[in-house]
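Take a look at the model below and follow the chain from its overall layout to its details. What holds the interior together, and where do the charged residues sit?

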Amino acid sequence: MLKIDASQGDLFYENIDAALAQLVRALGGAQRVGHALRPDKSPEDAGKWLQNCLDDGKRDTLHPAQLMLILRMGKKAGVH
């Protein structure tokens, strides 16, 4: 019988923001990942900034290089 890891994210997501939010959670949360992307901000402020970037209703966005960094972090951590 095939056992499915409960900690694994969904296979399909409604949009890219939902997939990225799951990846951020798997990498330790918005504060940790946000601070890696924006070391000039405090972890709390960087986390809020990243959450805003992943919210369609907010104006903040990720630069393509920041998106690639998140994806590389996920690959390095074995998330995907």
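The paragraphs below go from the overall layout to the helices, the core and a few individual residues.

This is a predicted model. The protein has four helices and zero strands. Along the sequence the pattern reads α-α-α-α. The protein has 80 residues, and 25% of them count as buried. Residues 24 or more positions apart account for 44% of them.

Start with helix α2. Its buried residues are Ala30, Val33, Gly34 and Leu37. They cover an arc of only 100 degrees around the axis, so they sit on the same side of α2. What lies over that side? The cover of the buried residues of α2 includes α1, α3 and α4.

Helix α3 comes next. The helix spans residues 43-53, and its buried residues are Ala46, Gly47, Trp49, Leu50 and Cys53. Viewed down the axis of α3, these fall within an arc of 160 degrees, so they line one face of the helix. Their cover includes α1 (16-26), α2 (30-37) and α4 (64-77).

Turn to the core. In soluble globular proteins, nonpolar side chains tend to be buried together. Here the largest nonpolar core has 13 residues. Which of them have the most contacts inside it? They are Val33, Leu37, Leu50, Leu62 and Ile70. Helices α1, α2 and α3 each supply at least two residues of this core.

Leu50 shows how the pieces come together. Leave aside its neighbours within four places in sequence. Leu50 is then in contact with Val24, Ala30, Val33, Gly34, Leu37, Leu62 and Ile70. Ala30, Val33, Gly34 and Leu37 in that list are the buried residues of α2. Val33, Leu37, Leu62 and Ile70 are also named with Leu50 among the core residues with the most contacts.

Gln66 lies in helix α4. Is Gln66 buried or exposed? With a relative accessible area of 16%, Gln66 is buried, because buried means under 20%. Beyond its neighbours within four places in sequence, Gln66 is in contact with Leu37, Arg38, Trp49 and Thr61. Leu37 is a buried residue of α2, and Trp49 is a buried residue of α3.

Asp17 is a charged case. Asp17 is found in helix α1. The residue is buried yet has no salt bridge. How far away is the nearest side chain of opposite charge? That side chain is Arg25, and it is 11 Å away. Not counting residues up to four places away in sequence, Asp17 touches Cys53, Leu54 and Asp56. Of these, Cys53 is a buried residue of α3.

The side chains of Arg38 and Asp40 meet in a salt bridge, at 3.2 Å from N to O. Arg38 is partly exposed, with a relative accessible area of 22%. Asp40 is exposed, with a relative accessible area of 59%. Arg38 is also one of the residues that Gln66 contacts.

Another arginine makes a contact with the backbone. Arg32 lies in helix α2. At 55% relative accessibility, Arg32 counts as exposed. What does its side chain reach? The side chain of Arg32 reaches the backbone oxygen of Leu27 at 2.4 Å. Arg32 and Pro43 are eleven residues apart in sequence, and their C-alpha atoms are 6.7 Å apart in space.

End with Tyr13, in the segment before α1. Tyr13 is partly exposed, with a relative accessible area of 31%. Not counting residues up to four places away in sequence, Tyr13 touches Ala18, Ala19 and Gln22.

Technical notes. Residues numbered from 1 in each chain as written. Predicted model: local features only at pLDDT ≥ 70, side-chain atom pairs only at ≥ 80, totals over all residues. Heavy atoms only, no water. Buried < 20%, exposed > 50% of the residue type's maximum accessible area, 1.4 Å probe, protein only. Arc of directions from axis to C-beta. Contact = heavy atoms within 4.5 Å. Polar contact = N/O pair within 3.5 Å; in protein donor to acceptor, adjacent residues only side chain to side chain. Core = buried A, V, L, I, M, F, W, Y, C linked by side-chain atoms within 4.5 Å. Salt bridge = Lys/Arg side-chain N within 4 Å of Asp/Glu carboxyl O. Lys, Arg positive; Asp, Glu negative; His and termini not counted.
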